[in-house]
Amino acid sequence: MASLTTKVETGHRDIIHDAQMNYYGTRLATCSSDHLIKIFEIRANGQPFPMAELTGHDGPVWQVSWAHPKFDNVLASCSHDRKVIVWREVNGKWQKSYEYNQHEASINSISWAAPEYGLIFACCSTDCSISIIQFMGDVWSPVKIANAHDEGCNAVSWAPAKRLQSALDVSEQIDPKRFVSGGNDRLVKVWREESPGTWRMEAELDGHENWVRDVAWAPSESQTSTIASCGVDGRVIIWRCNLDGDEQKWTNRVLCKYTDPIWHVSWSFCATILAVSGVDNKVTMFQERLPNHWMQISEPEEEKQ
C-alpha cells in the first residue's frame, strides 16, 4: 500500500497539471491552469520551501520538465498558449531564457533529450506537428516535423543515449537520437534522426483503440528498448524491441486495462518500476520482477470516509 509522506501546499489557484522533481530530488516544479509555474526547494527533512513563482504563459500550463544538472538549473514549460518557455536560474533568480512560439495550437508535452546529446528538447502540439529545438553556439535552432500525427499529438519522450562499442573501435559511440510520440490517431510512433536536422519515422505502433495520452521511454541502457503508453481506451501497453540484424521488431503486451481513461505513465530512474495514473486521481505502480512478468506492487489508498 502506498502511503503519503509529504503534502505540498502549492498555493496554485486552479488545477495542477504537472509536478516534476529535478535530477537530485532537491527541487520541485509545479504548473497549473492558473498560468503559473512554482518552484520549491525540498529540504533535508523532506519539507518544501517556496522559491519562485514564474509568470510568462497566457494559458493553462500543461507540463514542466527539468534539464540535466550538467546544464545548471534549467526548466522548460509548455502551455495551451502555444508557447514553450525555457527558464534558467541565474544568481539565485529565475528568468526567461528562451521562448518558442511556432506552433498553431496548444503545445501539450515537452521532453529533454539525454544530456549526452547536448541541450535539446522536443515538444508536440494539437496542430499535429513536433518540434525539436537544440541549443548550439549560444543559439536555439528549431526543426519541425509537420503532420507527425493525423489528429494531434499529445506526448513525447526521448530514448536514452545507448553507448555502442565496436569490436574494431575501442572508442564508445552513442546511438543516433530517437524519441517516441503518441497522438489522437491512436498511434505510437518512433522517430530517428537520420542526419543533423533530418528525422524519419522508424516505427508505427498500433495497439490502442482511442487517443494515446502519454508515452514514456524507459531510461535503461540495455540493448532492449522499452516504451510504455496509455490512452483514453484505459489501456497501458508495454512495447519492446530487440535489434534483429538491421530490422527493428517491436512487440506489445497490454499490461492492464482500466474502465476509465489513463492519463500518465512514468518510469523510475532505474526503469524497474512503472507508475500509472488516470482520471480517478489514483496512482498504481508495477514492477517487472522477471523478464516480461509484471507485478502490481502498490494499490491506490482508498479515500478515507
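W294 counts as buried, because its relative accessibility is 14%; buried here means under 20% relative accessible area, with exposed set at over 50% and partly exposed in between (1.4 Å probe, protein chains only). The model is a predicted one, in which local features need pLDDT of at least 70 and side-chain atom pairs count only at pLDDT 80 or more, while totals for chains, interfaces and linings use all residues. Residues are numbered from 1 along each chain as its sequence is written, and side-chain values use heavy atoms, with hydrogens and water left out.

Now for the strands around that tryptophan. Strands here are DSSP runs (E, at least two residues), numbered from the N terminus, and two of them pair if DSSP finds at least two bridges between them. Strand β24 (residues 273-278) and strand β25 (residues 283-290) run antiparallel and are joined by five bridges. Within this pairing, V276 has T284 as its bridge partner in β25. The two strands make a hairpin with four residues between them, and N281 in the turn has a positive phi of about 65 degrees. β25 also runs antiparallel to strand β26 (residues 293-296), this time with four bridges, and L290 sits opposite H293 of β26. The hairpin of β25 and β26 has two residues between the strands, and there N292 takes a positive phi near 65 degrees.

Next up is an open sheet of four strands, ordered β9-β10-β11-β12 and paired in the antiparallel sense. Its edge strands, each pairing on one side only, are β9 (107-112) and β12 (139-145). From one strand to the next the twist averages 20 degrees, taken between axes that are lines fitted to C-alpha atoms, with angles running from 0 to 180 degrees between N-to-C directions. Strand β10 (residues 120-125) and strand β11 (residues 130-136) are antiparallel partners over five bridges, with A122 opposite I132 in β11.

Then come the aromatic rings. Rings of Phe, Tyr and Trp (its six-membered ring) pair if their centres lie within 6.5 Å; planes under 30 degrees apart are stacked, over 60 edge-to-face, and the rest tilted. That rule gives 14 aromatic pairs. One of them is the tilted pair of F121 and W140, at 5.8 Å centre to centre with 55 degrees between the planes. This pair links distant parts of the chain, as F121 belongs to strand β10 and W140 to strand β12, 19 residues apart. F121 counts as buried because its relative accessibility is 0%, and W140 does so at 11%.

W267 and W294 also make a tilted pair, because their ring centres are 6.0 Å apart and their planes lie at 50 degrees. Here too distant parts of the chain are linked: W267 is in strand β23 (residues 262-267) and W294 in strand β26, 27 residues apart. W267 is buried as well, with 12% relative accessibility. Back in the other set of rings, Y98, W112, F121, F135 and W140 form one aromatic cluster.

A search of the whole structure turns up one cavity of 30 Å³ or more; on a 1 Å grid over the protein atoms alone, a cavity is a set of points where a 1.4 Å probe fits but cannot get out, and lining residues have an atom within 4 Å of a point. The largest cavity holds about 40 Å³ of space, and its lining consists of Y117, A159, P160, K162, D175, P176, K177 and R178.

Terms used
On a 1 Å grid over the protein atoms alone, a cavity is a set of points where a 1.4 Å probe fits but cannot get out, and a pocket is an open set with protein on both sides within 12 Å along at least five of seven lines; lining residues have an atom within 4 Å of a point. Grid points are joined across faces, edges and corners, and a volume is the space filled by probe spheres set on the points.
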